[in-house]
Each structure stands twice: as C-alpha cells, then as structure tokens.
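User: I am new to this structure and would like to understand the terms used for it. Could you take me through them one by one?

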Amino acid sequence: MGNSVSDWEYLPELCLLTILEKIDEPISRVQFGVVSKYWHSLFNTFLDIKRRSSTNLVPMLMIPSKKSATKRKIYSIQAKSKIAEIEFPKPYTWRYCGSCYGWLATVDESFNITLSNPFENLSIHLPQFDSMAYDSGHYTYKILKVVLSDDPLLHPNNFVVVVIYSVYGRLAFYRPCQENWIYMDVDEDQSLFLDILFHKGLVYAIGHYNNLVWFDVNGVEDDESSKSPKLNTLVPTILRLENHSFRVYLVKSSMGNLYSIHKHLDFEEVGERSVHWTKKFTVFKLILDDENSKLLEKKEVESIDGDIVFVGDNRTLAVSALDFPEGQPNSIYFTDDFIDRDTYEILGPRDIGIFHLKDGSLEKYYQFKSSHKDLSPYIWISPSKEYN
C-alpha cells in the first residue's frame, strides 16, 4: 500500500477545485491552501477563478446624471470607477422603490408599478395598485419597497412580487397567474414592515419594532385573488422605544443562515430642520425550526458568516468575501433609504458608506456629489453579464 499522504496530496486538479467550491467556511478554504505547495497553488487558482466571476455577483451603484434627465451611471465599487452609462425612459426625479436581479421598480401617479430591466431593455407592467389603500403623501414614497422572488427572465411565469406600501408598512403580493394584487389582512399596529425575504418557499417580513412574520403565497389559488393567506407571527409588535429601528433588513448569508440587520441613526439640526446620519448597525442571527417555521433563537452577533451585505432600497443581498476580495468581511455597504423628502431637499440622500462590524468603524465607498442632492437616491443594482 502506497504512502497515504502522496495519494491525496496529488489528487487531480479538477477534483480538488470541486472540493474547494463545496467548502463553505472561508477559514477552512485558507487551511486547505497550507497543506502543501501544490494545494496552495490550486487555492490561488481557485481565488483567481472566483475573482474573474465576482463582478457578476457584486452589485453596482447606480447614480443619477445632472446632464441628462434619463441617463444613469453605473459605478463599480470593485474597480472604483464608472464603467457604464444607461438610458431610462423615465426622468431622474423618479425614485426607484426596488432593485432585484437587474430589475428596477417604479410607481406612477396612478399607482401603476413597472419593473424595468435597463440591461435587457425590457419592462413588465404590473396590475394597477388599489389607490384606496393609500394615505396622503407623494406617490413615489407610498411604495416603500418592491422585492422579487426570482428573476422574471429566468422564471417568467413563476415569480412573486411582494410590495411594502403606505406609511403603515402594509403588505401585498402579485404572481403572473393573478389578475390583481392580493392585500394582506393585518392590523395597522401590527404592520410597519420594512423589508422582505424569500426563504425556502415562504415570505418573511420584518418591521420597525422587530416584528417578524411569514406567509405562504403558494397556497393561494389562482381564482382566489381577493383572499389573502394567513399571516403567521414569529415575533409580535411591541411598541416600545428600545424595540424601534429606523431601518431593518432581512438577509440570507452565502452559507444559508438568516440575519436581521438594524440601522441606527443620529440626528442633528441644520437650520430649522433635522437631518440624519447612520451611527451604526447591529446584527442578529435568526435560527428557525424549518419543519414548523418557528423562531428558535435570536442572538446578537458580530459576524455575517464573513459576508459583505448591501442594504438600501434594493433587495438585501449578501456576497461572500471570496467573491468580493476587495471588500472587508463582515461589513455593510449602505445607501440612504431613510425617506424624508424635506431632508432630501436640503442635503440630498447623502448618507452612504460602509460599516465594519469588527470595530464599529464607518468609511465611504463613494463621495456623494452635492449636485445630486435634488436627484433620485443612489441604489444598488445587479447588472447583466455584458457589464462585467
């Protein structure tokens, strides 16, 4: 029988690269690279492959153009440069209320929501939203967030759109098999939702007061468009100041774990008005019982499985540090999604940056331009492959 070390040390390259791909823990991959010179060489090859494909995984920042009302620039935080300019049919004063899989969501004065993919030059017009469901206020801020379950290009007849709407943070959803939106039946003091996550076929929603619920859209028949599914509570709404978050996000890490991310703001007076700045983020790991969708544990942590998370008006997205080697593990890239039109009129949506969980520090990834203060907020977008 031959030397066992020699047997496994010189396994075929493709076999070892496949093993590396299946290792989830970043530290375990690093340990793989110190076994031998041959394995170290393959580890570097693996990292090069991941880096070449990483721009398709890392979202880019879409910023408005002062020179054109319909053009936007795409800024790569990996290359730290503007790499493309894209044309839109709508002027820059429109706020984008969602960004998923390269699709951007907008709403018009009649509460028609449109999904647009600027890279494919495609649009999907969704049914008119029930305007009776709205309170007073500017229409572009009445749709807080639009989240898709899947890319409509890949699943044209099997995707779900969930919308958070009104100042009360209510929920509604739509599927291509429906004629109309289905509005979730929930009390006003039990809603105040801020973010949506699709996980294992269910929809999870989290709110201002850490309230967490889930519901199943798959059980709704095509001909029951007026009947909403049951809303199941994991964490109830408790209207206490210590439970309040100005913004809170739900994300699934690259390892499949669920986290809630809470944004904390500071306020200061500018003239006669108050403006906000991000002070810090806190992160909680959510451990669920997959069999009955019960919350088993919620604990504060200082790690997001080593991922880099992108938050804002977009679908909250976690990217592995191996797929974004230029980024800092366990960091949060944020845009300004705290809706206050009066504040925007003064300084614009300039509260953008990176928060590092390790030491609580903040830094900039892009310098906000004062000429953009009257334009639409920056938003993360996942471009198509040709923009890599």
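**Rings, charges and burial**

Analyst: Let me begin with a charge and a ring: K298 lies over the face of F284, at 4.9 Å from the ring centre. This is a predicted model, in which local features need pLDDT of at least 70 and side-chain atom pairs count only at pLDDT 80 or more, while totals for chains, interfaces and linings use all residues. Residues are numbered from 1 along each chain as its sequence is written, and side-chain values use heavy atoms, with hydrogens and water left out.

User: What makes K298 count as lying over the face of F284?

Analyst: A charge sits over a ring if NZ of Lys or CZ of Arg is within 6 Å of the ring centre and within 35 degrees of the ring normal. K298 is placed over the face of F284 at 4.9 Å from the ring centre, and R315 likewise lies over the face of Y101, at 4.4 Å from the ring centre.

User: Why is the pair of F129 and Y183 called edge-to-face?

Analyst: The structure holds 21 aromatic pairs. In the pair of F129 and Y183, the ring centres are 5.2 Å apart and the planes stand at 75°, so the pair is edge-to-face; the rule is that rings of Phe, Tyr and Trp (its six-membered ring) pair if their centres lie within 6.5 Å, with planes under 30 degrees apart counted as stacked, over 60 as edge-to-face and the rest as tilted. Because F129 lies in the loop between β7 (122–128) and β8 (143–148) and Y183 in strand β11 (residues 182–183), the pair ties together parts that are 54 residues apart in sequence. Strands (E, at least two residues) are DSSP runs, numbered from the N terminus.

User: How do you know whether F129 is buried or exposed?

Analyst: Buried means under 20% relative accessible area, exposed over 50%, and partly exposed in between (1.4 Å probe, protein chains only). F129 has 1% relative accessibility and therefore counts as buried, whereas Y183, with a relative accessible area of 25%, is partly exposed.

User: What makes V167 exposed?

Analyst: V167, found in the loop between β9 (161–165) and β10 (170–174), has a relative accessible area of 51%, so V167 is exposed.

User: Why is Q78 called buried, and which side chain does Q78 contact?

Analyst: Q78 lies in the loop between β2 (71–76) and β3 (81–87), and its relative accessibility is 14%, so Q78 counts as buried. A polar contact of 3.4 Å joins the side chains of Q78 and E326; such a contact is a pair of N or O atoms within 3.5 Å, where, within protein, one must be able to donate a hydrogen and the other to accept it, and residues adjacent in sequence count only if both atoms are side-chain atoms.

Key
Helix = DSSP H or I, 4+ residues; strand = E, 2+ residues; numbered from the N terminus.
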